Amino acid sequence: MSLAQQWRDARPKVAGLHFDSGACSRQSFAVIDATATHARHEAEVGGYVAADAAAPVLDAGRAAVAALTGLAASDVIYTSGSGHALELLLGSWVGERTLACLPGEFGPNLAIMAANGFQVRALPVDSDGRLVVDDAARALAADPPALVHLTALASQRGVAQPLAEIVAVCRAEGIPIVVDAAQALGHLDCNVEPDAVYSSSRKWIAGPRGVGVLAIRPELASRLEPPVPPADWGVPMSVLEKLAQGEHNEAARIGYSVALGEHLAAGPEAVRARLAEVGRLSRQVLADTSGWRVVEPADEPTAITTLEPTDGADPVSVRAWLIAERGIVTTACELARAPFEMTKPVLRISPHVDTTAEDLDQFAGALRDASNR
């Protein structure tokens with residue numbers, strides 16, 4: 001049985017077409033059942049007793065993240081999502097607050113950086129928004145920031161960044177590198193041993209909403225001082241224990257761990273290859289759609305395809321029409337998504353491994369109808 005068919009059979013039948021995995025993918029029956037079963041167990045024995053019983057499942061999720069990132073399971077904590085992870089990390093940073101990132105950095109990330117007093121400088125990129133590694137290496141050597149932050153795959157553009165190469169550059173320069181893998185985990189190869197990496201459950205891994213992970217190498221963790229509890233209280237907690245404390249949705253974490261296990265069982269390489277195939281097919285089908293321009297190179301190894309309007313169409317209203325009239329879910333990316341790079345909104349599709357050529361043809365026809373109304 002093909003990977004696409006396995007994915008489809010493992011989930012409820014979709015109502016229409018779901019081309020929005022970059023925002024929130026579709027959970028499997030197993031993930032839904034695991035989440036609900038844990039919630040029921042909380043009602044039966046109490047939330048904290050149920051959490052103790054679920055510890056092996058959560059440990060398996062940490063081990064899965066470790067396998068996908070090259071870090072250790074002991075380096076991994078659960079969070080409520082990617083933004084929460086970045087806030088935890090930057091809010092605990094001690095010392096100089098300078099940071100280098102891509103010009104197309106995710107808007108909410110930039111807001112978290114600013115709120116934590118980081119001065120941001122841009123890394124060099126080419127016309128596709130892809131990091132130019134040699135130029136970046138020279139810039140980092142000449143004027144090293146305290147941190148490099150790399151979003152491995154952007155939200156508003158399906159261009160894969162040279163992740164392994166820039167991690168090697170930062171290691172050689174002794175600059176910690178933090179990787180935003182919200183769009184990359186389960187989509188691209190993230191097994192590059194960065195100093196820190198964070199991601200969300202709900203995107204390509206297809207877990208529940210409201211949960212994510214943050215993994216930090218011990219060398220970087222030793223440089224952090226989480227503000228709660230205050231260091232001078234002398235509370236015997238490690239940095240990761242301090243970062244991990246607080247109320248959370250244990251059932252969602254269980255579901256995420258199951259989704260991570262499903263991803264490993266499917267084979268990360270096979271999933272990556274299929275997503276790249278879906279992306280190539282998407283761009284091929286959509287290349288000649290009147291009124292729209294495909295932004296990504298045709299052979300970009302991602303399943304994210306963005307469409308820039310050329311005849312004045314409004315991606316926000318087109319997205320709403322596609323949902324209301326055809327049951328097709330996409331994303332409208334507005335300028336706030338990447339305020340230092342975007343000049344006009346785009347329509348994004350992010351189909352998963354189960355997408356067929358017929359699905360894409362159906363979408364292309366609907367897009368033409370939406371543009372001509």
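Guide: Two strands are taken to pair if DSSP finds at least two bridges between them. The model is a predicted one. With that criterion, S9, S10, S13 and S12, in this order, make up an open sheet of 4 strands with antiparallel pairing. Strand S9 (292-294) and strand S12 (331-333) are its edge strands, each pairing on one side only. From one strand to the next, the twist averages 30°.

S12 and strand S13 (residues 346-349) run antiparallel and are joined by 3 bridges. Within S13, Arg348 is the bridge partner of Thr331.

Two helices complete this part. Helix H12 (residues 268-286) packs on the sheet, where it touches S9, strand S10 (305-309) and S13, and its direction makes about 25° with that of S10. H14 also packs on the sheet and touches S9, S10 and S13, but its direction makes about 160° with that of S13.

The structure holds 2 aromatic pairs. In one of them, the ring centres of Phe19 and Phe363 are 5.5 Å apart and the planes stand at 70°, so the pair is edge-to-face. This pair links distant parts of the chain: Phe363 belongs to helix H14 (residues 357-372), while Phe19 lies in the loop between strand S1 (17-18) and helix H2 (29-45), 344 residues apart. Both Phe19 and Phe363 are buried.

Tyr78 and Tyr256 form an aromatic pair that is likewise edge-to-face, at 6.5 Å centre to centre and with 75° between the planes. Here too distant parts of the chain are linked, since Tyr78 is in strand S2 (residues 76-79) and Tyr256 in helix H11 (residues 250-266), 178 residues apart. Tyr78 has a relative accessibility of 3% and therefore counts as buried; Tyr256, at 0%, counts as buried as well.

Helix H11 also contains Gly261, which at 34% relative accessibility counts as partly exposed. Gly261 and Gly61 are 200 residues apart in sequence, yet their C-alpha atoms are 7.1 Å apart in space.

Strand S3 (residues 98-101) pairs with S4 in the parallel sense over 4 bridges, and Ala100 stands opposite Arg121 in S4.

The largest nonpolar core has 55 residues, of which Leu140 and Ile166 touch the most other members. Leaving aside residues up to four places away in sequence, Leu140 touches Ala100, Leu123, Pro145, Val148, Ile166, Val169, Cys170 and Ile175. Apart from that core lies another, of 26 residues, including Ala146, Ile216, Ala221 and Leu224.

Key
Residues numbered from 1 in each chain as written. Predicted model: local features only at pLDDT ≥ 70, side-chain atom pairs only at ≥ 80, totals over all residues. Heavy atoms only, no water. Core = buried A, V, L, I, M, F, W, Y, C linked by side-chain atoms within 4.5 Å. Buried < 20%, exposed > 50% of the residue type's maximum accessible area, 1.4 Å probe, protein only. Contact = heavy atoms within 4.5 Å. Phe/Tyr/Trp six-rings, centres within 6.5 Å; stacked < 30°, edge-to-face > 60°. Axes fitted to C-alpha atoms, helices over the stretch in contact; angles between N-to-C directions.
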